[in-house]
2 protein chains.
Amino acid sequence: MTYCVGLRLDRGIIFASDTRTNAGVDNVATFGKMHVWERVGDRVIVLMSAGNLAFTQSIVSLLNERIDLGPDEHSLMTVNTMFQAARLIGETIRELRRNERDMIEQNPSLFSASFILGGQIAGDSHRLFQIYQEGNFIEATKDNIYFQIGEHKYGKPILDRVAKPDMRMGVAAKLVLISFDSTLRSNLSVGMPIDLLIYRKDELKVGEERRIEENDPYFRKLSIAWSEAIRDAFAHIDEYGEDEGGIEILKTRGPDTIPKPTEEAVPVQATAGWIKEVDG
Amino acid sequence: MTYCVGLRLDRGIIFASDTRTNAGVDNVATFGKMHVWERVGDRVIVLMSAGNLAFTQSIVSLLNERIDLGPDEHSLMTVNTMFQAARLIGETIRELRRNERDMIEQNPSLFSASFILGGQIAGDSHRLFQIYQEGNFIEATKDNIYFQIGEHKYGKPILDRVAKPDMRMGVAAKLVLISFDSTLRSNLSVGMPIDLLIYRKDELKVGEERRIEENDPYFRKLSIAWSEAIRDAFAHIDEYGEDEGGIEILKTRGPDTIPKPTEEAVPVQATAGWIKEVDG
């Protein structure tokens with residue numbers, strides 16, 4: 001399986017992908033799922049892929065072959081906007097699927113894939129797209145600032161709660177890594193290392209590109225701190241039944257029901273009377 | 001969609017299920033997915049189901065018809081252990097699938113379902129099972145104390161981090177509700193209200209059974225408190241690049257590089273000397 005996230009902020013884009021590709025538990029392989037095309041000062045284009053590796057690698061190979069044909073060819077290095085880049089990739093997907101129509105009918109899963117595309121081309125803004133296996137695509141907006149592909153559900157709740165367009169890049173990178181941490185804990189088929197790429201708006205070069213290994217000190221610290229913080233947060237929320245009479249409901253049906261001392265129910269006057277009697 | 005959790009603790013079992021059944025966005029219905037058979041002092045059997053409603057309701061109807069045949073019939077009210085109850089339900093599933101073999105071949109999804117079974121029968125311990133649509137089943141152990149069916153991924157990370165067999169029941173109920181909160185936030189097809197049932201070990205009667213509505217004060221408080229706690233926990237973790245030189249890497253490539261004030265690097269003696277100079 002795969003997990004990839006692209007998060008578009010006012011200040012730039014964070015990309016992260018896992019690197020695990022497995023064709024069964026005894027055949028675990030590591031392949032990069034993040035592809036970067038960069039010409040400093042002109043463009044940074046990042047493509048992440050999930051799905052059948054043979055299919056996604058073919059797409060990347062076709063994109064690279066077009067680039068090799070030179071500056072007159074319509075390619076990722078000659079398109080003028082990120083929207084055109086998304087269209088070009090969509091067309092490439094369709095082309096490959098057209099050629100393999102017979103194979104797709106026999107085994108559709110061999111040609112299932114999804115992509116996250118992001119980056120910036122000089123003269124255009126920094127943009128983020130999700131591209132489907134049919135070649136169509138959607139773009140991130142102010143309301144929907146991230147895309148996930150692959151095993152996305154475990155890492156979604158934290159993104160939904162925290163992601164904001166005006167986050168600083170370091171905070172956003174932390175968020176993406178926590179989203180990965182949740183996924184890695186719950187699904188063995190998504191594996192370290194994580195490829196992380198930070199693109200800062202208008203720089204037109206890769207800000208930082210790093211492979212975060214299992215023993216990475218920041219990631220280990222983050223993972224432990226997040227576990228502790230979650231347990232701590234959990235411990236500080238009232239338990240079910242602790243207030244608003246809930247505990248009453250719980251106890252009335254329990255075998256360890258402690259009958260309320262009747263004194264509490266007796267009106268003050270009566271108690272006072274009883275005390276008087278004894279006293280008298 | 002559906003989300004159900006069964007959590008087996010040393011002190012009992014927590015059951016929770018959502019109640020949303022939808023066949024399209026303009027046709028949202030609420031059906032109970034939690035079925036309880038109780039004979040106080042003798043047995044409590046709880047069955048939760050996910051999957052095709054026509055199929056899961058048929059299973060429950062067949063189980064009830066057997067009970068109606070009286071005390072000589074092998075039914076949920078006459079089995080001696082929870083293991084036998086799980087086997088009986090497994091057989092009932094297989095019986096129904098055998099009868100509908102032609103339909104299943106045409107449309108397998110009509111007969112897809114999964115079940116969580118739990119409870120206690122006098123003389124047996126409190127036990128929890130997950131039953132598959134093939135009629136086979138697995139039992140919760142000390143190492144694997146919960147089962148989820150339906151839309152389970154969003155609510156799994158918190159269970160993985162926090163669930164422990166020696167939890168108190170009120171804490172466990174809180175955990176299950178937080179797991180629901182995460183699922184409800186991320187998936188619109190899982191909906192309130194939530195059916196919650198608490199069974200305390202050796203009581204042989206339902207401890208508490210409650211439908212938690214959207215405006216339930218405890219659930220609303222929990223939902224808000226958890227959101228705040230998560231954001232707070234997130235804010236307190238070092239951001240990416242803040243330590244171990246990471247910030248250096250980030251900043252060296254950034255356009256907004258702020259050179260460190262050199263004053264900070266000046267040894268204390270020098271500062272003291274400067275103060276002295278002024279004073280003198």
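In this predicted model, strand β7 (residues 113-121) of chain B runs antiparallel to strand β8 (residues 127-131) of chain B, and five bridges join the two. Strands here, like helices, are DSSP runs numbered from the N terminus (E, at least two residues, for strands; H or I, at least four, for helices), and two strands pair if DSSP finds at least two bridges between them. Within this pairing, G119(B) sits opposite R127(B) in β8(B). Residues are numbered from 1 along each chain as its sequence is written, while chains are lettered from A and ligands numbered from 1 in the order in which they are written. Because the model is predicted, local features need pLDDT of at least 70 and side-chain atom pairs count only at pLDDT 80 or more, though totals for chains, interfaces and linings use all residues; side-chain values use heavy atoms, with hydrogens and water left out.

Zooming out, an open sheet of five strands in chain B has the order β5-β6-β7-β8-β9, with antiparallel pairing. The edges belong to β5 (34-39) and β9 (137-139) of chain B; each has a single partner strand, so one side of each has no neighbour in the sheet. From one strand to the next, the twist averages 15°; axes are lines fitted to C-alpha atoms (for helices, over the stretch in contact), and angles run from 0 to 180 degrees between N-to-C directions.

Chain B has another open sheet of five strands, ordered β10-β1-β2-β11-β12 and again paired antiparallel. Here β10 (146-150) and β12 (208-212) of chain B are the edge strands, pairing on one side only. Neighbouring strands are turned by 10° against each other on average, direction ignored. Inside this sheet, β2 (residues 12-18) and β11 (residues 194-200) of chain B pair in the antiparallel sense over seven bridges, with S17(B) opposite D195(B) in β11(B). Helix α5(B) packs on the sheet, touching β1 (3-9), β2, β10, β11 and β12 of chain B, and its direction makes about 160° with that of β1(B). Contact, by the way, means heavy atoms within 4.5 Å.

What about helix against helix? Two packed helices are described by the angle between their axes and the distance between the axes. In chain A, the axes of α5 (residues 169-186) and α6 (residues 217-235) come within 10 Å and cross at roughly 75°. That makes α5(A) roughly perpendicular to α6(A) (65 to 115 degrees; under 35 is roughly parallel, over 145 roughly antiparallel and the rest oblique). Among the residues making this contact are L177(A) and D181(A) of α5(A), along with F219(A) and W226(A) of α6(A). By class, the contact has seven nonpolar, three polar and three charged residues; Ala, Val, Leu, Ile, Met, Phe, Trp, Tyr, Cys and Pro count as nonpolar, Asp, Glu, Lys and Arg as charged, and the others, Gly among them, as polar.

Chain A contains eight helices and 12 strands. A nonpolar core is a set of buried Ala, Val, Leu, Ile, Met, Phe, Trp, Tyr and Cys residues joined through side-chain atoms within 4.5 Å. In the largest such core, with 78 residues, L7(A), I14(A), L7(B) and I14(B) touch the most other members. A second, separate core of 26 residues includes L88(B) and L117(B).

Technical notes:
Buried means under 20% relative accessible area, exposed over 50%, partly exposed in between (1.4 Å probe, protein chains only).
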